[in-house]
Amino acid sequence: MTAGSAAAPVKAAALPPNATIGIVGGGQLGRMSALAAARLGYRAHILTPEADSPAAQVAAGTTIGSYDDPDALRAFAAAADVITFEFENVSAVGLDLLSSLRPVHPAPAILRLSQERVTEKSFINGAGAPTGAWAPVNTPDELERALGLLGMPAVLKTTRLGYDGRGQAIVRTPEEAHAAYGRLAPAPFILEAFVDFACEISVVVARGQDGRIVAYDPVENRHRNHILDLTLAPAQITQELALQAAGIATDLAHCVGLVGVLAVEMFVGRDGGLLVNELAPRPHNSGHWTIDACPASQFEMHVRAVAGLPLPAAVRHSDAVMKNLVGPDDLALWPRILAAPGLIPHLYGKAEARPGRKMGHVTRLFPLGALPGAFGVEAALGVFA
Ligand code: AMP
């Protein structure tokens with residue numbers, strides 16, 4: 001799906017070939033962004049505290065240092081023509097320093113918004129997009145009031161630094177809620193009504209510096225132990241719902257003045273309604289399938305937007321299933337994955353396979369319209385049975 005945005009176009013000169021894109025963060029998202037940058041004739045320069053990071057292994061240069069260290073930030077900025085991020089949790093001080101030195105896309109204000117769940121939910125609702133009911137919780141008394149307001153079950157979450165199910169707890173009784181408050185402390189928290197969803201979907205949108213917005217079709221995401229396990233592209237939902245989801249994501253990208261890629265995670269309620277869960281202003285795990293199934297992947301879209309290049313349509317030539325390789329158990333399947341016909345392997349170059357760590361992913365392509373149903377997906381990924 002492709003939509004022309006009504007936003008006032010920003011005239012910016014495109015980054016010339018051989019220019020350097022600075023990427024804050026050395027993980028797999030940075031690695032795949034750096035690979036996409038290389039294909040477009042750019043160099044990537046990574047800022048990471050880690051030696052031999054997945055992104056640095058495929059980048060032209062690396063600054064090793066902390067995201068809060070002014071000297072490291074200055075050295076990194078000096079090596080880059082434009083700066084972007086592969087993760088959101090960079091300190092405000094770091095963001096301000098970087099944006100005083102080089103153009104930063106997406107804008108630091110967008111990153112700040114996605115770093116804090118109350119600000120994020122307020123923005124989403126303010127932009128006219130639906131979420132489940134929620135309330136900020138800063139004290140045990142506020143927790144009591146919020147429980148009265150939202151009912152139970154509910155989900156108590158820290159407002160910052162939560163990912164892959166960390167920093168949150170489902171609470172079914174006031175006692176459980178107060179115990180979770182103590183366990184997840186310190187405040188601030190957000191309490192969310194528990195959404196009894198039929199499935200989880202996400203939409204990846206990109207917005208260029210000229211204001212053009214493109215959106216990949218919504219995909220369905222299935223989790224295992226709170227970590228993304230499978231993405232089915234496209235989501236098996238009605239066309240009407242798919243259009244509605246893409247519309248919500250497009251509106252949010254427009255409202256926030258995005259330059260880059262934004263992933264919008266949503267719940268499909270049992271009543272068929274859509275509720276936005278959260279935003280990630282960067283390439284997203286649920287968009288990895290686009291590398292193999294689309295002429296232009298989410299990583300290429302991100303690089304193009306950051307570099308001021310035109311955005312192509314976010315179309316796919318194939319349907320796809322993406323399976324994450326998580327921890328040592330999935331990694332042990334690597335030899336069988338390599339020998340399995342039809343599986344497209346991706347490994348991130350991480351030295352140590354700790355439980356819960358994303359080590360790589362595989363994609364399986366299907367002709368358009370031929371994505372199998374639940375049992376077929378299992379069969380298609382037979383190596384994992
Ligand atoms: P989050 O960190 O907000 O993305 O949450 C991680 C996962 O927890 C989501 O993908 C959902 O599967 C589940 N989850 C989060 N919030 C809720 C909610 N309000 N109701 C039901 N499930 C939730």
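This is a predicted model: local features need pLDDT of at least 70, side-chain atom pairs count only at pLDDT 80 or more; totals for chains, interfaces and linings use all residues.
The chain is divided into three parts. Domain 1 spans 20-115, domain 2 spans 133-193 and domain 3 spans 197-384. The centres of domain 2 and domain 3, taken over C-alpha atoms, are 29 Å apart.

Four strands make up an open sheet. Their order is β4-β3-β2-β5, and the pairing is parallel. Strands β4 (61-64) and β5 (82-85) sit at the edges, and each of them pairs on one side only. On average, neighbouring strands of the sheet are turned by 25° against each other, direction ignored. Five bridges join β2 (residues 20-24) to β3 (residues 43-48) in the parallel sense. Within this pairing, Gly 22 has His 45 of β3 as its bridge partner.

Two helices pack on the sheet. Helix α2 (residues 70-78) touches β2, β3, β4 and β5. The direction of α2 makes about 175° with that of β3. Helix α10 (residues 298-307) also packs on the sheet, with contacts to β2 and β5. The direction of α10 makes about 145° with that of β5.

On the other flank of β2 lies the pairing with β5. Strands β2 and β5 run parallel and are joined by four bridges. Ile 21 stands opposite Val 82 in β5. Both faces of β5 are covered. Val 82 and Thr 84 are buried on one side, and Ile 83 and Phe 85 are buried on the other.

The loop between β2 and α1 (28-39) holds Gly 27. Gly 27 has a relative accessibility of 17% and therefore counts as buried, since the cut-off for burial is under 20%. Leaving aside residues up to four places away in sequence, Gly 27 touches Pro 54, Ala 55 and Glu 86. Thr 48 lies 21 residues from Gly 27 along the chain, and the C-alpha atoms of the two are separated by 8.6 Å.

The structure holds four aromatic pairs. One of them is formed by Tyr 67 and Phe 87. The ring centres of Tyr 67 and Phe 87 are 5.0 Å apart, with 55° between the planes, and the pair is tilted. Tyr 67 belongs to the loop between β4 and α2, whereas Phe 87 belongs to the loop between β5 and α3 (92-101). The pair therefore ties together parts that are 20 residues apart in sequence. Tyr 67 counts as buried, at 17% relative accessibility. Phe 87 is partly exposed, with a relative accessible area of 23%.

A further pair consists of Phe 197 and Phe 267. The ring centres of Phe 197 and Phe 267 are 5.0 Å apart. Their planes meet at 5°, so this pair is stacked. Phe 197 lies in strand β10 (residues 197-207), and Phe 267 lies in strand β14 (residues 260-269). The pair links distant parts of the chain, 70 residues apart. Phe 197 is partly exposed, with a relative accessible area of 28%. Phe 267 is buried, with a relative accessible area of 11%.

Key: Residues are numbered from 1 along each chain as its sequence is written. Side-chain values use heavy atoms; hydrogens and water are left out. Two strands pair if DSSP finds at least two bridges between them. Axes are lines fitted to C-alpha atoms, for helices over the stretch in contact, and angles run from 0 to 180 degrees between N-to-C directions. Contact means heavy atoms within 4.5 Å. Domain bounds come from an automatic or database domain assignment. Buried means under 20% relative accessible area, exposed over 50%, partly exposed in between (1.4 Å probe, protein chains only). Rings of Phe, Tyr and Trp (its six-membered ring) pair if their centres lie within 6.5 Å; planes under 30 degrees apart count as stacked, over 60 as edge-to-face and the rest as tilted.
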